[in-house]
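Welcome, and please have your viewer ready. We will go from stop to stop, selecting a few things at a time.

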Amino acid sequence: MKAQVLNRYDDDLSASSWVDFEDVPDPRITTPTDVIVRLGGAGVCRTDLHIIEGVWRPNMDPTGKGLLPLIMGHENAGWVEEVGSAATGFQKGDPVIVHPKITEGSLLVHRRGHDMHGPGRFPGLDSSGGGYAEAMVTSVRNIVKLPETLAPKDVAPYADAGLTAYRVVKKAVRELMPGQFCVVIGVGGLGHIGIQCLKAMSAVDIIVVARSDQSLKLAEESGADHLVKADGSEFDAVMSLTKGEGAEAVIDFVGEKGTTSLGLKMTRPLGNYYIVGYGENINIPAVDLIITEKSIIPSLVGTWAELAELMALADRGLVRLVTQEYSLKDANIALKDLNAGKVNGRAVLIA
Ligand code: ZN
């Protein structure tokens, strides 16, 4: 089959191309619970750019030789192509979305549903076999059958970007009362889904902070109540909207270039600051946290059950992904566009 393969890192993202379009061996069933999925769409994630830059290298690939060549792509959906002998409940042709973390499933941590924690494998990130290809192998435990209303290419980014946005919003709305404020920082692939989830699952006033007019427009279309341009005046604007008190919840989908201190400052006493995006260190004196009793709450992807819940929201038309489609052979163009901030919503590769 054909796949886009990462063969070398590029520290400053300056190379003219990053992945190579190659013939690679077809995926094979090796354990009875394996499922081969023919890909209908693979989301292109900022994490993929971070992999190319080598940000993950100290954790995942300390020798620089262990991980490459790597087929990236962890936001995948498609159709079941072949099932192992123990993979019951699915047949060839079923449309499915793929939870990105493969776990064996019998450990307590996994039985509790915490798929992201404990041992396992994350194809496209910590090992090859991701979705920048015509097909991939996953486990029967990872796939969620899609309702008839949803096509694989239109939902693939829900597998990570959408799931991450859904999980953090689910955490936030547990504590948000009608009429309270939630600030969303950043409106890319995650932010625009997060805003829709907030709208569908709560009755809060949603204040969105973003840098570009294009992002603010997407925020408005996604259901934001107040738009604030991140041009240096955003702190004052949020404080004015919240009558000087700050927001009960701040969800930071950026996590770099100063948004962590800004987000914490916009959080009112007793409020929660949720951190999802990453890139910088969070730096706050312990005494400031104690005096204000603000909480910092991180959120990481989500569980298989949460992916199924998100599909229920999508099936009802309550969340809709904005995608920009690229052919698999144009993966470099998609990655370049993402790096240049030219993708509206989420880029999806179609094999
Ligand atoms: Zn991702």
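**Stop one: the metal site**

Select the zinc ion: its site is tetrahedral, with angles of 92 to 134° among its 4 donor atoms (four donors count as tetrahedral if all angles lie between 85 and 135 degrees). For orientation, ideal angles for four tetrahedral donors are 109.5 degrees. This is a predicted model, in which local features need pLDDT of at least 70, side-chain atom pairs count only at pLDDT 80 or more, and totals for chains, interfaces and linings use all residues. Residues are numbered from 1 along each chain as its sequence is written, and side-chain values use heavy atoms, leaving out hydrogens and water.

Now show C45 (SG), H74 (NE2), E75 (OE) and D160 (OD), the protein donors, 1.8 to 2.5 Å from the zinc ion. Donors here are N, O and S atoms within 2.8 Å of the metal (3.2 Å for Na, K and Ca); water is not among the atoms, so sites may look incomplete.

C45 lies in the loop between β3 (34-44) and α1 (46-53), and H74 in the loop between α2 (57-60) and β4 (76-83), so the two tie together parts 29 residues apart in sequence. Helices (H or I, at least four residues) and strands (E, at least two) are DSSP runs, numbered from the N terminus.

**Stop two: strand β15**

Select residues 346-350, strand β15, where 4 of the 5 residues are buried. β15 pairs with β3 in the antiparallel sense over 3 bridges (pairing takes at least two DSSP bridges). Look for A42 opposite L349.

Key. Four donors count as tetrahedral if all angles lie between 85 and 135 degrees; four count as square planar and six as octahedral if opposite donors are over 155 degrees apart and all others between 65 and 115; anything else is irregular. Buried means under 20% relative accessible area, exposed over 50%, partly exposed in between (1.4 Å probe, protein chains only).
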